[in-house]
Amino acid sequence: MAKILFNHVYKRYGKFKELAVNDFNLEVEDQEFLVFVGSSGCGKSTTLRMLAGLEDISEGEIYIGDTIVNDVPPKDRDISMVFQNYALYPNMTVFENIAFGLRLRKVPKHEIELSVKRAARVLEIENFLERKPRELSGGQRQRVALGRAIVRTPQAFLMDEPLSNLDAKLRVHMRTELINLHKKIGVTIVYVTHDQVEAMTMGSRIVVMEKGVIQQVDKPENVYNKPANLFVANFIGNPPMNFITGRLQERNGVLEFHTNRFALRIQEQHAYQLRNDHKLVDRTVIMGIRPEHISFEEIALQTCEHSVINGVLQINEFIGSDRYYHMDIGFPKMVVARAHPRYHFDEGARAAFALDMNKALFFHKDTEKLLTD
Amino acid sequence: MREINNKMLQRLYWKRKEFMHAVKRFDRTQQFIVLFLTLLSVFMLLPIVYVFNHAFKPLHELFQFPPTFIVRNPTFQNFIELLSLTQSTFVPASRYMLNSIIVTFLATVGMVATGAICAYALSKHRFPGSKLIFGSIIASLLFAPETIAIPRYVVVQSLGIMNSYFGHVLPMIAMPVGVFLIKQFIDQVPNEMIEAAKMDGTTEFGIFMRIVTPMVMPAIATITILAFQNAWGNAETSTLFMQEDAMKTLPFYMSTLTSNLANSVARQGAAAAGALIMFLPSLIIFLLSQRKVISTMAHSGIK
């Protein structure tokens, strides 16, 4: 088990030396479950592959433990990797697949047998050891791939979207299994996914990436509640955060968020930061509010009278436990609110709703950085 | 025994029923295509039927006009003639046979190994000029063998390998079709599998031998057959590069049976028997690995 350190790592590709990974600095703690998340092409897989040794590092250093591994071949890095399409060797049985790495390391036969059986027991694949990969279902194959990774007891596991080939139900199941596995064997895991739910549920920390740059590294709750910038705010959360552009104006000693249709009173702590720390009075900012912080409750409408706005309900999405309303409030983009299913409005109806201004976030219009916390 | 027979009959019955059922679902065009292809495959079978029958024909049947496909009075006379001929030559025919076996073995192994290694490098490794190399390998398919006979001769002579097994094997080793076919297959091996093997600690050669080769076995089986046929039936290297009779191969000997004589009537029987003997090993090897070959052809999209 070991720490992993990325020190100013760059990756350049192709003729024009385009940056796929740009100044990547990160320390992965021992026994941590770290998740890289981002849209496709953001450089998360490239970073993982550089760590695995499958891609060259253009600049910077990667440490596993105390050693720089830039020029160490993959097999000597003492890490193992699980791939999206499992990459099991089709000509070998499950047992041979799992034992392959150990055989190459010239581990004695009885030890191989013991280790493979132990891994198989942990993953509950003892009954399939003599089968070929083609005779297994997707979930079973994924377990074999995991078995191949854990059998060597490496310093770290690297997982490149290992669940994305599974169907939705199995994915949820395997997600919990992976979390349990991590608890059981307590090894450092670096996990790449484009699925934010996977990232939120599994990661002890999340690294949000975009265009090869780290946008934020933090615990899932912090990434969700205090996104570092507009990109993270927009990327994490489903449905995504609502953004409204407006102007900060001081009226009777109270800071308000003005659009050409309504004005919202900004909560005192936020107002202080915006007014004194950032000096943004009379400047344009972007306000972000999550769908669950928009309420149709009578009590909210009464208590938050300074943050009530009206809109026309355009789309009504019923998803069982919740209802999502897409509302036209006179801006090009509709505002999405999450409501209890008991609130039923017809499409096209007018409704009043209250924004919980305590939970509203404000972003700089140009730098797109979070201004309040 | 009876039970087995019954089972076989039952299976045949079901197969036939399935086939008829499938045919019934075809529309007119498809039925026509099935019929056409069936007739075509029978037509394609004719040369093989002919080779088999020809070898057993007595002399008067060999020259009968119009020629017959099916032998009427089968005889082993041709084989006896061939045997007596082989005993009366200056270099014993067994020497030709031995040469053929050695050359065929070395050339087949050489062709398959070089083809597969080359295909692996071209398919799974990015290096400058790899596309150009693959392009030139494909382009080399366009040259008729006759056009490169002289340059080949010059190369073989300057290497000083005339009258040696190398002289037979080396000119045959480069096999563009093999590289192309195996590359098509290796292209389909997912890169992740190779990367997984790298992470497991396999060497490059280990990846090739233990991961890639087993996965492209059908292509390798096909290439083995093609290479075997090439090498087994090849009289060209004997004619061009071997001046010593003791280094020539069986196909060369077979071609001398008739062509070195003043008329082309004598020894026709022996030649017919010889043709069958030359043909049999290829047929046996093909029948043994037929399923893999068919799957290769279906995969690679070439005929």
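Start by selecting residues 242–251 and 284–289 of chain A: these are strands β11 and β14, which pair in the antiparallel sense over 6 bridges. This is a predicted model, so keep that in mind as you look around. To see how the two strands line up, pick A:F243, which stands opposite A:G288 in β14(A).

For a landmark, click on A:Q249, whose bridge partner in β12(A) is A:E256. Then follow the chain around the turn: the hairpin of β11(A) and β12(A) has 2 residues between the strands, and A:N252 takes a positive phi near 50° there.

Next, zoom out to the whole of chain A. Colour residues 4–235 as domain 1 and residues 242–364 as domain 2. How far apart are the centres of domain 1 and domain 2 of chain A? Taken over C-alpha atoms, 40 Å separate them.

Move on to the open sheet of chain A. Its 6 strands come in the order β6-β7-β8-β3-β9-β10, with mixed pairing. At the edges you will find β6 (79–82) and β10 (213–218) of chain A, each pairing on one side only. Going from one strand to the next, the twist averages 20°.

Inside this sheet, select residues 33–37 and 205–210 of chain A. These are β3 and β9, which run parallel and are joined by 4 bridges.

Is A:V69 buried or exposed? It has 22 C-beta neighbours inside 10 Å, and therefore A:V69 counts as buried. Leaving aside residues up to four places away in sequence, A:V69 touches A:G53, A:I62, A:Y63, A:I64 and A:R77. For a sense of scale, draw a line from A:V69 to A:R171: they are 102 residues apart in sequence and 33 Å apart in space, C-alpha to C-alpha.

Now show both chains and look at where they meet. The contact takes 16 residues from chain A and 13 residues from chain B. On the side of chain A that touches chain B, β6 and α2 (94–104) of chain A each supply at least two residues. The largest share of that side, 3 residues, comes from α2(A). By class, the chain A side divides into 10 nonpolar, 4 polar and 2 charged residues.

For the last stop, go to chain B and select residues 176–187 and 217–232. These are helices α9 and α12, whose axes come within 9 Å and cross at roughly 170°. The helices α9(B) and α12(B) are therefore roughly antiparallel to each other. Show side chains for B:V177, B:G178, B:L181, B:I182 and B:F185 in α9(B), which meet B:A219, B:I220, B:T222, B:I223, B:L226 and B:A227 in α12(B). What classes of residue make up this contact of α9(B) with α12(B)? It has 9 nonpolar, 2 polar and no charged residues.

Key. Residues are numbered from 1 along each chain as its sequence is written. Chains are lettered from A and ligands numbered from 1 in the order in which they are written. This is a predicted model: local features need pLDDT of at least 70, side-chain atom pairs count only at pLDDT 80 or more; totals for chains, interfaces and linings use all residues. Domain bounds come from an automatic or database domain assignment. Two strands pair if DSSP finds at least two bridges between them. Axes are lines fitted to C-alpha atoms, for helices over the stretch in contact, and angles run from 0 to 180 degrees between N-to-C directions. Angles under 35 degrees count as roughly parallel, over 145 as roughly antiparallel, 65 to 115 as roughly perpendicular and the rest as oblique. Two residues are in contact if their C-beta atoms, placed from the backbone, lie within 7 Å. Ala, Val, Leu, Ile, Met, Phe, Trp, Tyr, Cys and Pro count as nonpolar, Asp, Glu, Lys and Arg as charged, and the others, Gly among them, as polar. A residue is buried if 20 or more other C-beta atoms lie within 10 Å of its own, exposed if 12 or fewer, and partly exposed in between; C-beta atoms are placed from the backbone.
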